[in-house]
Amino acid sequence: MRELPSFDPQFVWERSPEMPQSVIQVDAFTDRPFAGNPAAICVMAEAASDEWMQQVAAEMNLSETAFVVPCAGEFGLRWFTPAIEVDFCGHATLASAHVLWSEGHLPRENEARFHTRVGVLTARLAGDWIELNFPAKPVTPIDPPPALLEALGVEAIAVSADAVNYCVEIESADRLRSLQPNFALLAQLPKLGTIVTCRSDRPEYAILSRYFAPAAGIDEDPVTGSAHSSLGPYWQAKLGQSEFVAYQASPRGGVVEVRNLGDRVSLRGRAVTVLRGELLARSSK
């Protein structure tokens, strides 16, 4: 009888001596499953190591996994892509608030207050919608690096940027939907991500957008709340209105209601729980 190979302890995962860690997967900025932007949410009893959180995010393999730690009625919040920790994420904040209310961590009438790297972010229930209050992230016009438009394969009406993202406005909604960027070239640019946007060709939406961040391990983010902190002030100036409905025209798609509040932006969206599970692995040897 053939002898089985011995196990290498390097690849043996330990079961936590405590309760398993719950993981809730939520589709954000949508009212139906399997649309919008999926996020994995871990509501933790206490903070975990950066290494473990990054390993979990890589295992979940979603654009973001969020880690929520309660503290005196408020919450610490951090977000990880499969590759890196990010400073600011909208859809996983919306998903985190949804989990706090739907799983009984926070009364539905209470505001959720999150302490993050970009300051305090808040969320509240408004009927079937969740209203987020974020810092506005205005972009300023720039001369684009040649590789940016080459990677996108577009002609731009205008190119702007903030500290993290490029923002490229183009003419055609059809062109925006059909974009197939050169992700390897985009990943070489100095900004983490690229927003591409245009006026909508559908009356129910004012603007359309897509978001690409291959340098963060996300070729295309399905619906990007943080990008709308820039799109809000950008399109307010062009549309002459402080409130509008935006659609992120990724293959999954999602709706964001945007309201500009000076140095803050209100973003409204819906969320749907699609999966509940438990993490049994808390550390690796």
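**Salt bridges, cores and strands in a predicted model**

Biologist: With which residue does Arg259 form a salt bridge, and how far apart are the closest N and O atoms?

Modeller: Arg259 forms a salt bridge with Glu131, and their closest N and O atoms are 2.9 Å apart. The pair links distant parts of the chain, since Arg259 lies in strand E17 (residues 254–261) and Glu131 in strand E9 (residues 129–135), 128 residues apart. A salt bridge here is a side-chain nitrogen of Lys or Arg within 4 Å of a carboxyl oxygen of Asp or Glu. Helices (H or I, at least four residues) and strands (E, at least two) are DSSP runs, numbered from the N terminus.

Biologist: What should I know about the model itself?

Modeller: This is a predicted model, in which local features need pLDDT of at least 70 and side-chain atom pairs count only at pLDDT 80 or more, while totals for chains, interfaces and linings use all residues. Residues are numbered from 1 along each chain as its sequence is written, and side-chain values use heavy atoms, with hydrogens and water left out.

Biologist: Is Glu131 buried or exposed?

Modeller: Glu131 is buried, because its relative accessible area is 11%. Arg259, at 29%, is partly exposed. The term buried means under 20% relative accessible area, exposed means over 50%, and partly exposed is in between (1.4 Å probe, protein chains only).

Biologist: How many salt bridges are there?

Modeller: The count comes to 17. One of the pairs is Glu74 with Arg113, whose closest N and O atoms are 2.9 Å apart. Glu74 is in strand E5 (residues 74–80) and Arg113 in strand E7 (residues 112–116), so this pair links distant parts of the chain, 39 residues apart. Both count as partly exposed, Glu74 at 23% relative accessibility and Arg113 at 30%.

Biologist: Which residue does Lys238 pair with in a salt bridge?

Modeller: Lys238 pairs with Glu169, with 3.1 Å between the closest N and O atoms. Lys238 belongs to helix H6 (residues 225–239) and Glu169 to strand E12 (residues 165–169), 69 residues apart. Lys238 counts as partly exposed at 35% relative accessibility, whereas Glu169 is buried at 4%. Elsewhere, salt bridges that share partners join Asp50, Arg78, Glu85, Asp87 and Arg117 into one network.

Biologist: Which strand residue is the bridge partner of Glu169?

Modeller: That partner is Ala158. Strands E11 and E12 pair in the antiparallel sense over four bridges, where pairing requires that DSSP finds at least two bridges between two strands. A hairpin of three residues joins E11 to E12. E11 (residues 158–161) also pairs in the antiparallel sense with E10 (residues 140–141), over two bridges, and Pro141 has Ser160 as its bridge partner.

Biologist: Changing topic: which residues touch the most other members of the largest nonpolar core?

Modeller: Trp79 and Phe114 do, among the 51 residues of that core. Helix H2 (residues 91–102) gives the most to this core, with seven residues. Another core lies apart from it, with 22 residues, among them Leu152, Tyr166, Leu185 and Leu186. A nonpolar core is a set of buried Ala, Val, Leu, Ile, Met, Phe, Trp, Tyr and Cys residues joined through side-chain atoms within 4.5 Å.

Biologist: What is Phe114 in contact with?

Modeller: Leaving aside neighbours within four places in sequence, Phe114 is in contact (heavy atoms within 4.5 Å) with residues including Val68, Phe75, Leu77, Ala97, Leu100 and Val120.
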